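Hi,

Here is the structure I promised to pass on. Have a look at it first, and my notes follow below.

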Amino acid sequence: MASANSQQFPKTSRVVRSRDFTRALRRGSVAANDCLVAFAIRKDESCTSPRRIGITIPKKTGNAVVRNHWKRLIRESFRLHQADLPTGYDFVVRPKKDVSADWERIHQGFAKLLARAVRREQSSRNR
């Protein structure tokens, strides 16, 4: 059983500032799977700050009900996998174009997708 703390999703775990979104999207490393695109960028060198996620759903994805469904699924997957992710990173996640929201596909590949984005971010820093 996971601890109660790892099962929470506090506001400190969310990317909320526009400049943080922009920074991740422009300078972060990108990785994609069959349904999601993820951007990862390191917040600081000490890696002591908590990992955070930002979710962006384009209006082309669908109406508000569809977009909110995507957000709930991505947020829940992050909440369940956050203990497996490295600290000190901001992640921005969005769905791929013309893909429907499917919990199994999102949940199964989520941790691997973010880990791949982190590896790419680390390798780009080492160059």
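Predicted model: local features only at pLDDT ≥ 70, side-chain atom pairs only at ≥ 80, totals over all residues.

A residue is called buried here when its relative accessible area is under 20%, exposed when over 50%, and partly exposed in between (1.4 Å probe, protein chains only). On that scale, 41% of the 127 residues of the protein chain count as buried.

Residues are numbered from 1 along each chain as its sequence is written, and side-chain values use heavy atoms, with hydrogens and water left out.

Now the layout. Helices (H or I, at least four residues) and strands (E, at least two) are DSSP runs, numbered from the N terminus. The protein chain has three helices and four strands, and from the N terminus on they come in the order α-β-β-β-α-β-α. Taking contact to mean heavy atoms within 4.5 Å, 79% of the protein chain's contacts with a separation of 6 or more are between residues 24 or more positions apart.

S124 sits in helix α3 and is partly exposed, at 34% relative accessibility.

Helix α3 (residues 103-126) also packs with helix α2 (residues 64-81), at an angle of about 50° and with the axes 9 Å apart. Those axes are lines fitted to C-alpha atoms, for helices over the stretch in contact, and angles run from 0 to 180 degrees between N-to-C directions. Under 35 degrees counts as roughly parallel, over 145 as roughly antiparallel, 65 to 115 as roughly perpendicular and the rest as oblique, so α2 and α3 are oblique to each other.

Which residues meet? From α2 they include W70, L73, I74 and F78, and from α3 W103, I106, F110 and L114 are among them.

Last, the aromatics. Rings of Phe, Tyr and Trp (its six-membered ring) pair if their centres lie within 6.5 Å; planes under 30 degrees apart are stacked, over 60 edge-to-face and the rest tilted. The count by this rule is one aromatic pair. Y89 and F91 form that pair, and they are stacked, at 6.2 Å centre to centre with 25° between the planes. Y89 is buried at 1% relative accessible area, and F91 is buried too, at 0% relative accessibility.

Cheers
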